[in-house]
Amino acid sequence: MGLISATGSSYNTPWPWRTGTALHRAYGPWPLTASKPTPLITRVSLPPAATPMATAAAAAATPRRRRGKGGKGPNSDLSRTLTDCTRRGDAAAAMAAFDAAVSGPDAAADLRLAAHQYNQLLHLLASADRASFPAHPAAAARCVFAHMLEAGASPSEATITSLARVVASDPEGADEAFELVATMREKYGLAPRLRSYSPVLSAFRYAGEACKAYAVEAHMAAAAVAPEEPELAALLEVSAKAGDADKVYEYMHKMRRAVGCVTKETAEALEGWFQSEKAAMAGKAEWDAQQVKDAILANGGGCHQLGWLRNGPWMVHRVSVGEDGDCGGCGCHLASVDIDMEETHKFADSVSGLALERETKANFSQFQEWLEANKQYEAIVDGANIALYQQNFAEGGFSLVQSSWMLL
């Protein structure tokens, strides 16, 4: 098990129905000069009768749009092309087919794309090779999304997420990407997901925009979206670059609660902070030792969460921990960490809720009152459970002998 130890003193094609058929030409109706009513005469030229051989030859000479299996409508060719490009990851070819279908010389006026086809394009652009586009793929993605809205296709969360991802990769597009994600509920009735925020946070991370990254986190909290290691690592690193010691401390504890084992990239971000001058200067000159002990106890052991104590340079080493829990760097035994008071209260409330489902409310309320009046007891043993302990065999049952053990 590896750890980071930080210590210190701080179409133009003919129409199919026109094959072998001449348009009817009507001359008239023209009235003839006469002294009495005469019928109106119309001269119509009829097409010559087509022979089967001529019809077959004309049909063979007429180019027809090929359709895929079960394909209907003029976009079947484009659909097959997009599917093939998605399989190959060829964003440039997909955009070329899209441009030809919607604005090329052979563009069909009745072309209608499905929402998933727009999503295919945006997904390809989000992972496209920048060298294959004369301009940034974000420009192409904006055109695709604008065409989608004009066509009346409804975007989904995946649509906005893919668009935000490709726009965020533009050096000047991080703010626009955040706006897309932040307004998707208001504009389209869509709930953002964790994957919607990740590219935005990553963009602000590499741009060093700490305040904007904090705004993204605040929006995530309002949308009830919890960050995971990649997002917390981005927030921690941007805070470290900004020299915000309090924010680094905050995100370290959030990561401690949410992540069991960090990745190499996160470990490097942590090392970078402890090796910085800002980390050496952060810390309180004085503190109350008893307050620290009480805080550690309240937090389940292992941490006090009172901020940086003392200051000075940190010594950073990569060490291993033995099976006995001893650190190979400092020689200290790792503390056994229990749940903190907040988690304890949540656990107690959940147990009470389960008990109220099985017991009468009056009986359980009396039991709670008794516990409150007898706080000196640290543990309660259920006699029925003791009597039934390991009695799940054929001759097993309620054991009075085992129950009497409680009285010894």
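Predicted model: local features only at pLDDT ≥ 70, side-chain atom pairs only at ≥ 80, totals over all residues.
Trainee: Why is Trp 405 called partly exposed?

Mentor: Its relative accessible area is 48%, and buried means under 20%, exposed over 50% and partly exposed in between (1.4 Å probe, protein chains only), so Trp 405 counts as partly exposed.

Trainee: What makes H9 and H10 roughly antiparallel?

Mentor: The axes of H9 (residues 194-207) and H10 (residues 210-222) cross at roughly 170° and come within 9 Å; axes are lines fitted to C-alpha atoms, for helices over the stretch in contact, and angles run from 0 to 180 degrees between N-to-C directions. Angles under 35 degrees count as roughly parallel, over 145 as roughly antiparallel, 65 to 115 as roughly perpendicular and the rest as oblique, and therefore H9 and H10 are roughly antiparallel.

Trainee: Which residues make that contact?

Mentor: With contact meaning heavy atoms within 4.5 Å, H9 contributes Leu 194, Tyr 197, Val 200, Leu 201 and Phe 204, and H10 contributes Lys 212, Ala 213, Val 216, His 219 and Met 220. These residues divide into eight nonpolar, one polar and one charged, where Ala, Val, Leu, Ile, Met, Phe, Trp, Tyr, Cys and Pro are nonpolar, Asp, Glu, Lys and Arg charged, and the others, Gly among them, polar.

Trainee: How do you know whether H9 is roughly parallel or roughly antiparallel to H11?

Mentor: H9 and H11 (residues 229-242) pack at an angle of about 20°, with their axes 9 Å apart, and therefore they are roughly parallel to each other. On the H9 side the contact includes Ser 198 and Arg 205, and on the H11 side Glu 231 and Lys 241 are among the residues. By class, the residues of this contact are eight nonpolar, one polar and four charged.

Trainee: What is the orientation of H7 relative to H10?

Mentor: The axes of H7 (residues 174-182) and H10 come within 12 Å and cross at roughly 10°, which means that H7 is roughly parallel to H10. Asp 175, Phe 178 and Ala 182 of H7 meet Lys 212, Ala 215, Val 216 and His 219 of H10.

Terms used
Residues numbered from 1 in each chain as written. Heavy atoms only, no water. Helix = DSSP H or I, 4+ residues; strand = E, 2+ residues; numbered from the N terminus.
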